[in-house]
Amino acid sequence: MYFQYAMLSHRWEGKEPLLQDIQGKVVHKLDPVGGIKKLQSFCKTARDLGYRWAWSDTCCIDKNNNVELQASVKSMFIWYHHSAVTVVYLSDVPPLSKSGALAKSTWNTRGWTVQEFLAPKAILFYQKDWTLYFDDHTPNHKNSVAIMQELEYATGIDRQVIIAFRPRMRGAREKLQWASTRITTLQEDIAYSLFGIFCVRLRVDYTEKKQSTLGRLLQEIIAQSGDITALDWVGKSSEFNSCLPADIISY
């Protein structure tokens, strides 16, 4: 239990604390404004759940260190998978919300959050005031039929897949569809956020075009698995390879 850790899944909003903002400081003593308040609440939630360690993508990666950033992008799925619990913070879901609020949350539109709910063995959904969604105090919301049904409806992913997902390359087109309507701040991240889902490790390069990033991923999937469903798309062809789509929305 000592070395088990909780991870945070959320959407970035405004000024989030970076590593340099908290390094060498006591988090709960910082001025509770903006993203610091969210970080403090997450750390308190992790502690209340019985964990000594908490990880947030805002401040637990040195984004000024390219080597560390690349390693983190490639390892993110594994880190979420090995977490004791992933805390999902729905900042736009008010207290006492009824069924449907999770599906409508902006969290559910972001690219990185797909792997953040697929990878962990245990997840807990928290509302804006850090109370549990549906007031469900079970230790793992993957065991909640109501919450999993809502997540299945919102994402189009079968709830049994959500509960016990295992990364692999087969069924490529279906997995690409999961991400086809999602948004990332950096255009390359829509491909990088799928690395763990497909169990691939490719070069991370934030200077290349989105078409190149997606193209490299699709080429790797087809080459390694022989799954040609990734070639079943409609829309504009890629400058990287005309057999591939220019954008993931083509799925």
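Me: How do you know that the length of helix 3 agrees with its number of residues?
Reply: Helices are DSSP runs of H or I with at least four residues, numbered from the N terminus. The expected span is 1.5 Å times one less than the number of residues. For the 17 residues of helix 3 (residues 66-82) that gives 24 Å, and the end C-alpha atoms are 24 Å apart, so the two agree. This is a predicted model, in which local features need pLDDT of at least 70, side-chain atom pairs count only at pLDDT 80 or more, and totals for chains, interfaces and linings use all residues. Residues are numbered from 1 along each chain as its sequence is written, and side-chain values use heavy atoms, with hydrogens and water left out.

Me: Where is the kink in helix 3 centred?
Reply: On Ser75, with a value of about 55°. The bend at a residue is the angle between axes fitted to the seven residues ending there and the seven starting there.

Me: Why is Ala154 called partly exposed?
Reply: Buried means under 20% relative accessible area and exposed over 50%, with partly exposed in between (1.4 Å probe, protein chains only). Ala154 has 28% relative accessibility, so it counts as partly exposed. Ala154 lies in helix 6 (residues 145-155).

Me: What makes Ala103 and Asn108 contacts of Ala154?
Reply: Contact means heavy atoms within 4.5 Å. Ala154 touches both residues, not counting residues up to four places away in sequence.

Me: Which residues of helix 3 are buried?
Reply: Leu69, Gln70, Ser72, Val73, Ser75, Met76, Phe77 and Tyr80. They pack against elements including strand 1 (5-9) and helix 5 (113-118).

Notes:
Helices (H or I, at least four residues) and strands (E, at least two) are DSSP runs, numbered from the N terminus.
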